[in-house]
Amino acid sequence: MTAALIIDILLWGSVAAVGSIALRRGRSVLTASLREGSMDFINIVPRIALGVIGSGYIAAVIPQEIITGWLGPDSGWLGVTTAVIAGAATPGGPVIGFSLGAVALKSGGGAPQVIAYVIAWALFAFQRLLLFEIPFMPARFVWFRAAVSLPIPFLAAALAMAIGRP
Amino acid sequence: MSRREAEPRPGRIRKPIGWSMIVIGVLVAISAFLVYRRDGIDGVTAILTNDLALFGGILPRVLAGCLLGAFIAEILPHEKVSQSLGPQSGLKGLLIGTAFGAILPGGPFTAYPVASALLSVGADFGATIALVVSWTLIGYGRAVAWELPIMGTDFTLWRLVISLPLPVLAGALGRFVYIRMYPKGAPPRVPP
């Protein structure tokens, strides 16, 4: 069994669990939520298509050395700041941030800088904010969330510097 | 009366195409053209097949996330949610949000419909921020499926440990700012 399969089983198991609770409340509750969830899904598919298929092209033309080159171990807080901006500018999707982070690490990037990069990418990749968070959640919440998580990558870099790499 | 169409959930206005999609679409078109100029048609199709496979893998999880969000919004009692995740829930609410985000299964995008559902049934911004940040940073879905194979075990575990306190901090900061921005509670929604 692969990890991805276990995750899928857990995910659909949770859906079945909350679905059966809904069914016990009545058939109409079940069908209403099924309809609601399916409508959300249908509405989001074009965005996910554009986001996932498109981010491959965006990643292919972003000059990697610009993202990974400034994150050296001696770059200090300037490097961390660069990492945060680079993370936000990296397209979303599940893989690209990690791949570039791995490249940075292999080509001599400093660990706190790479941590800041990966966390900033996970938190604020601009494409993910625009394409996925805003349609799903109230826009006011998305901007608020992004604004208050701004210190987080810096905090993580500070923790990484304090703890040191094991 | 089992239907409740008269009362649409807040924040769920569906717009299939918006300005954000146009911006990204233009960006993608330019990038695809640059790839074509550099690598020819083979480069374009190679990326397309790779990303189509990725897209196919993600879709079922997105559907599961949407259904999970819809069910949660339907079955969770409003007063219970606002008690344990609302503005008065204190540190406990932030910890519950963090724990919920960490165990929420699924790959990309499953957490957003769930977070939106919780907001609509009484969770406050702070607890929901804790949930989203926790799902983003310590949720095992992304870490196991993508980070572990790409970044390696050492880096992933080390990053996870460093990330542990961050969701609660983000949620606390969110609450702190929110109370000062809106001292009288949430601003009234602008009617469409």
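A residue counts as buried here if 20 or more other C-beta atoms lie within 10 Å of its own. Keep that in mind as you click around, and remember that this is a predicted model.

**First stop: helix α6 of chain B.** Select residues 140-151 of chain B, the twelve residues of α6. Which of them are buried? Color B:Gly141, B:Arg142, B:Ala143, B:Ala145, B:Trp146, B:Glu147 and B:Met151, and you have the buried residues of α6(B). Now check the distance between the end C-alpha atoms of the helix: they are only 14 Å apart, short of the 16 Å that a straight helix would reach at 1.5 Å a residue. Step just past the helix to B:Gly152, which takes a positive phi of about 95°.

**Second stop: where the chains touch.** Show both chains: 74 residues of chain B are in contact with 74 residues of chain A. On the chain B side, the elements giving two or more residues include α6, as well as α1 (19-75) and α8 (166-181). Pick α1(B) next, as it gives the most to this side, with 32 residues. Coloring the chain B side by residue type brings up 50 nonpolar, 16 polar and eight charged residues.

Then zoom in on α5(A), residues 96-106, where eight of the eleven residues are buried. Among them are A:Phe98, A:Leu100 and A:Leu105. Finish at A:Gly108, which follows α5(A) and has a positive phi, near 95°.

Methods. Residues are numbered from 1 along each chain as its sequence is written. Chains are lettered from A and ligands numbered from 1 in the order in which they are written. This is a predicted model: local features need pLDDT of at least 70, side-chain atom pairs count only at pLDDT 80 or more; totals for chains, interfaces and linings use all residues. Helices (H or I, at least four residues) and strands (E, at least two) are DSSP runs, numbered from the N terminus. The expected span of a helix is 1.5 Å times one less than its number of residues. A residue is buried if 20 or more other C-beta atoms lie within 10 Å of its own, exposed if 12 or fewer, and partly exposed in between; C-beta atoms are placed from the backbone. Two residues are in contact if their C-beta atoms, placed from the backbone, lie within 7 Å. Ala, Val, Leu, Ile, Met, Phe, Trp, Tyr, Cys and Pro count as nonpolar, Asp, Glu, Lys and Arg as charged, and the others, Gly among them, as polar.
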